[in-house]
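Take a walk through this model, one region at a time. Keep the viewer open and follow along.

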Amino acid sequence: MTTYGTIPTELPQQSLSLIVQAREFLGSGLGSRRKWEDMINIRALNLPPNVNEAVGRIRMNIVFFKTNYVIVVLFLLLLTLFFHPTSLVIIVVIMIAWFLQYFLRDNPLSIYGFVIDRNMIITVLTLFTIAVFFLTDVMSNIMSGITFGLTVVLAHGFFRTTDDLFVGDEKDINASQC
């Protein structure tokens with residue numbers, strides 16, 4: 001009797017370790033997020049006096065608020081895709097294809113007796129993803145969402161003063177200047 005098609009009662013150790021690693025990675029990334037109150041401090045917004053000050057502010061704010069900025073860009077990208085539901089559906093279908101054919105498959109894919117290895121699956125999925133993105137308007141919608149998000153990030157970095165960002169964060173600032 002085979003166990004193909006049955007639902008396991010517990011996850012295999014490899015799946016559990018992958019889930020734990022993903023949770024730790026996301027937790028460490030989101031753990032470095034700064035307080036939103038610090039980021040959206042209205043009293044800390046003003047025009048820089050010159051171009052050098054503006055570039056310095058943008059660099060310093062990117063180092064200090066990098067995780068917040070990634071969240072803002074991804075949120076604005078998602079918001080942009082909500083206005084283009086066809087693109088959102090295409091992205092979801094591609095994500096499902098990647099998960100079903102690459103990430104969640106333990107056994108090699110077999111079609112009509114031919115075994116297809118993981119490298120071939122990666123190649124086909126990559127070519128399919130690139131073709132769909134460029135043959136539809138998905139790529140332009142993604143690029144417009146990312147451009148919109150980066151514009152918001154640069155505007156914030158330009159206007160947000162960096163005078164109050166040094167408290168306890170010298171290691172982040174020194175790491176960015178290397």
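What should the 14 residues of helix α3 span at 1.5 Å a residue, and how far apart are its end C-alpha atoms? The model is a predicted one, and here the two values can be set side by side. Helix α3 covers residues 51-64. At 1.5 Å a residue it should span 20 Å, and its end C-alpha atoms are 20 Å apart, so the two agree.

Stay with this helix. Asn-50 caps the N-terminal end of α3. A side-chain oxygen of Asn-50 lies 3.3 Å from the backbone nitrogen of Asn-52. Further along, the buried residues of α3 are Ala-54, Arg-57, Met-60, Asn-61, Val-63 and Phe-64. Glu-53 also sits in helix α3. Glu-53 has 31% relative accessibility, so it counts as partly exposed, a class that runs between 20% and 50%. Now look from Glu-53 to Thr-161. These two residues are 108 residues apart along the chain, yet their C-alpha atoms are separated by 9.5 Å.

Step back to the whole chain. The protein chain holds eight helices and two strands. From the N terminus on, the order is α-α-α-α-α-β-β-α-α-α. Of the 178 residues in the chain, 26% are buried.

Next, the strands. Tyr-112 is in the loop between β1 (109-111) and β2 (114-116). Its phi is near 50°, a positive value in a residue other than glycine. Most residues other than glycine have a negative phi. Is Tyr-112 buried or exposed? Tyr-112 has 82% relative accessibility, so it counts as exposed.

Finally, turn to empty space. Rolling a probe the size of a water molecule over the atoms shows where such space is left. The second largest pocket holds about 180 Å³. Which elements give two or more residues to its lining? They are α2 (36-39), α4 (66-82) and α7 (138-159). Helix α7 gives the largest share, five residues. Among the lining residues are Trp-36, Met-39, Tyr-69, Val-72, Val-152, His-156 and Phe-159. By class, the lining has ten nonpolar residues, one polar residue and no charged ones. Both domains take part: domain 1 (21-83) and domain 2 (84-161) each supply at least three lining residues.

Methods: Residues are numbered from 1 along each chain as its sequence is written. This is a predicted model: local features need pLDDT of at least 70, side-chain atom pairs count only at pLDDT 80 or more; totals for chains, interfaces and linings use all residues. Side-chain values use heavy atoms; hydrogens and water are left out. On a 1 Å grid over the protein atoms alone, a cavity is a set of points where a 1.4 Å probe fits but cannot get out, and a pocket is an open set with protein on both sides within 12 Å along at least five of seven lines; lining residues have an atom within 4 Å of a point. Grid points are joined across faces, edges and corners, and a volume is the space filled by probe spheres set on the points. Helices (H or I, at least four residues) and strands (E, at least two) are DSSP runs, numbered from the N terminus. Ala, Val, Leu, Ile, Met, Phe, Trp, Tyr, Cys and Pro count as nonpolar, Asp, Glu, Lys and Arg as charged, and the others, Gly among them, as polar. Domain bounds come from an automatic or database domain assignment. The expected span of a helix is 1.5 Å times one less than its number of residues. Buried means under 20% relative accessible area, exposed over 50%, partly exposed in between (1.4 Å probe, protein chains only). A polar contact is a pair of N or O atoms within 3.5 Å; within protein, one must be able to donate a hydrogen and the other to accept it, and residues adjacent in sequence count only if both atoms are side-chain atoms.
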